Amino acid sequence: MYVRRLAGPEELDLFLRLTYSLDHELADDLATGRRLPSWMWVALDGDRLLGRVAWWTGTAGAAPQMLDVFDLAPELSAEERAEVGLRLLRTATAAVVGDARRPEYIRFLPADWREVPETRSHLESLFSVLERTGARPLVERLRLEWRPGTPVPEPTDRLEFRPVRDREDLLALMTPVMEGTLDAHGRADLASGLSAREAAELHHDEELARYSSPRAWWRVAELPGSGEPVGFVVPARNNYHHVIAYLGVLPAHRGHGYVDDILAEGTRILAAAGVPRIRAATDLGNAPMAASFARAGYVTFERAVNYVWDAPGESGS
């Protein structure tokens, strides 16, 4: 067995001998600079592909942002998976990441992955390799989708909506939402020592501000008459799909069902734009948000698991 990086985009066919749900994006990612051949590694036995890993970034020219491909040949035994996976991951990480902070790992999973013994065994072997390198699970998330033809609730008189004015307008609402958040990534940011304001700025500047879709879609929800802010929603388009990127209800207004009104507004904006689908995600443990998506007609089509190599305040298993 030997481990090496891809020589160039012309070796993508070699990389695609193993399969995963992101395969259809790889060619375009290489063409746009969201992936580099030097970030795509394979473990080989002659010309037999035993395993592969790849990193991704949302912006061409930036450092690797996410480890999002890690696959091992399904015919390998449990012992072989451990041996191949560990050597592949350690060798590739040393070359791609070096001494820098290791990017988070994400894996998209079938919604019923725990109920299918073969699928569960294969995935748990991957997670075991990650844990042997020091990773620990951060969160499992529901991946959700709204499809055209699904009814969109009509506006009610409970809230009024206006566009977000500017960065500070949104940050002033994101900051209190960050306090007491149920989101595992937000909790990890706070546990790392960031203040709620700093965590909100990081989320805004590293994710929301980078969307190329219209800022005019972003909305603040207010109480009629007083104009008191209740929450906000960020409908957007990322590199691949239209999404409900972020939704928050201010702590003082939680428990009144406003999340449904705010989600409906974000969904209406994207539906009116004629998008082919709307994607969203929420932590498995965030029951109120998951229930709101279900009421709005979003269906769970996948799950996702995130692993990190340093998540202050989070315990591994």
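A polar contact is a pair of N or O atoms within 3.5 Å; within protein, one atom must be able to donate a hydrogen and the other to accept it. The exercises below concern a predicted model.

**Exercise 1. Helix 6 and its ends**

Task: Determine which backbone nitrogen a side-chain oxygen of Asp183 reaches at the start of helix 6, and describe the surroundings of this helix.

Solution: 
1. A side-chain oxygen of Asp183 comes to within 3.1 Å of the backbone nitrogen of His185, at the start of helix 6.
2. Within the helix, Ala184, Gly186 and Ala188 are buried.
3. The packing partners of the buried residues of helix 6 are strand 6 (136-146), helix 5 (167-178) and strand 11 (278-283).
4. Just after helix 6, Gly193 adopts a positive phi of about 115 degrees.

**Exercise 2. Ser195**

Task: Locate Ser195 and classify Ser195 as buried, partly exposed or exposed.

Solution: 
1. The loop between helix 6 (184-191) and helix 7 (196-206) holds Ser195.
2. The relative accessibility of Ser195 is 33%.
3. Buried requires under 20% and exposed requires over 50%, so Ser195, at 33%, counts as partly exposed.
4. Between Ser195 and Pro214 there are 29 Å in space, C-alpha to C-alpha, and the two are 19 residues apart in sequence.

**Exercise 3. Strand 6**

Solution: 
1. Strand 6 pairs with strand 12 (residues 299-308) in the antiparallel sense, over nine bridges.

**Exercise 4. Arg35**

Task: Decide whether Arg35 is buried or exposed, and list polar partners of its side chain.

Solution: 
1. Arg35 belongs to the loop between helix 2 (26-32) and strand 2 (40-45).
2. The relative accessible area of Arg35 is 1%; because this value is under 20%, Arg35 is buried.
3. The side chains of Arg35 and Asp68 are joined by a polar contact of 2.8 Å.
4. The side chain of Arg35 also reaches the backbone oxygen of Trp55, at 3.2 Å.
5. Beyond its neighbours within four places in sequence, Arg35 is in contact with residues including Leu22, Leu26, Met40, Trp56 and Val69.

Notes:
Residues numbered from 1 in each chain as written. Predicted model: local features only at pLDDT ≥ 70, side-chain atom pairs only at ≥ 80, totals over all residues. Heavy atoms only, no water. Helix = DSSP H or I, 4+ residues; strand = E, 2+ residues; numbered from the N terminus. Buried < 20%, exposed > 50% of the residue type's maximum accessible area, 1.4 Å probe, protein only. Contact = heavy atoms within 4.5 Å. Pairing = 2+ DSSP bridges.
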